[in-house]
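Colleague: I have not looked at this model before. Could you take me through how to read it?

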Amino acid sequence: MSVKSDIEIAREAKIKPIAEVAAKVGVPAHALIPYGWTKAKISFDYLNEIQGFSDGKLILVTAISPTPAGEGKTTTTVGLSDGLNYIGKKAIAALREPSLGPCFGVKGGAAGGGYAQVVPMEDINLHFTGDFHAITSAHNLLSALIDNHIYWGNALGIDQRRVGWKRVLDMNDRALRSIVNSLGGVSNGFPREDGFDITVASEVMA
């Protein structure tokens with residue numbers, strides 16, 4: 001019998017509406033900011049509503065090197081959460097959003113694997129709720145601000161040879177790690193060495 005791939009398992013999953021999943025762990029519908037019917041954010045205002053609630057227990061899964069089969073932090077976390085719910089506990093797994101770049105490399109996606117994965121897997125691995133796009137835009141706006149300030153007189157006396165704030169892109173592209181920007185004439189600013197980091201390395205993430 002052939003073993004199904006992660007994506008085959010994900011596509012065969014019967015996904016419940018996110019409102020139903022949230023209700024199961026006590027999160028009301030009014031606290032959800034939906035992104036379609038399978039994904040949602042929880043309103044920040046909801047935190048004020050649960051201030052009087054007792055704290056739950058925290059299990060931290062960290063620093064696990066994946067096995068050759070791909071069993072690492074995410075797979076372990078999802079499997080642990082599934083197991084706790086199976087025996088009657090009210091468990092929630094908190095995972096960070098996958099960075100798009102590594103999803104297309106050797107590492108692959110970051111939504112777990114096999115029957116211990118989060119679905120819809122493609123949505124989670126590719127853009128999800130758009131947060132990384134927002135971080136990329138905010139970071140690069142600051143990058144443009146620096147170059148624009150230098151172009152319009154440099155009142156702060158920024159040494160353009162020592163600008164450490166690179167641009168970011170949610171992609172692994174070694175050709176962009178070190179570049180020269182502002183080429184093409186006077187109207188494009190002062191040429192200087194620059195480069196791109198991956199979005200998750202941005203200080204805007206902090």
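Colleague: How many helices and strands does the chain have?

Modeller: The model is a predicted one. Its chain has 7 helices and 8 strands. The radius of gyration is 22 Å, well over the 17 Å that the globule rule gives for 206 residues, so the chain is more spread out than a compact globule. Along the principal axes, the C-alpha trace spans about 65 × 50 × 30 Å.

Colleague: What share of the residues in the chain is buried?

Modeller: A residue counts as buried under 20% relative accessible area. Buried residues are 26% of the 206 in this chain.

Colleague: Which residues of α4 are buried?

Modeller: T75, T77, V78 and S81 are buried in α4. Looking down the axis of α4, these buried residues fall within an arc of 165°, so they line one face of the helix. They pack against β3 (112-113) and β4 (116-117).

Colleague: How far does α4 reach from its first C-alpha to its last?

Modeller: Helix α4 covers residues 73-86, 14 residues in total, and reaches 20 Å, close to the 20 Å expected. After α4 comes G88, with a positive phi near 100°.

Colleague: How many aromatic pairs does a search of the whole structure find?

Modeller: The search finds 1 aromatic pair. The ring centres of Y151 and W152 are 5.0 Å apart and the planes stand at 85°; planes over 60 degrees apart count as edge-to-face, so this pair is edge-to-face.

Colleague: Is W152 buried or exposed?

Modeller: W152 is exposed, at a relative accessible area of 65%, while Y151 is partly exposed at 29%.

Conventions: Residues numbered from 1 in each chain as written. Predicted model: local features only at pLDDT ≥ 70, side-chain atom pairs only at ≥ 80, totals over all residues. Heavy atoms only, no water. Phe/Tyr/Trp six-rings, centres within 6.5 Å; stacked < 30°, edge-to-face > 60°. Buried < 20%, exposed > 50% of the residue type's maximum accessible area, 1.4 Å probe, protein only. Helix = DSSP H or I, 4+ residues; strand = E, 2+ residues; numbered from the N terminus. Expected span 1.5 Å × (residues − 1). Arc of directions from axis to C-beta. Contact = heavy atoms within 4.5 Å. Rg over C-alpha atoms; globule rule 2.2 N^0.38 Å.
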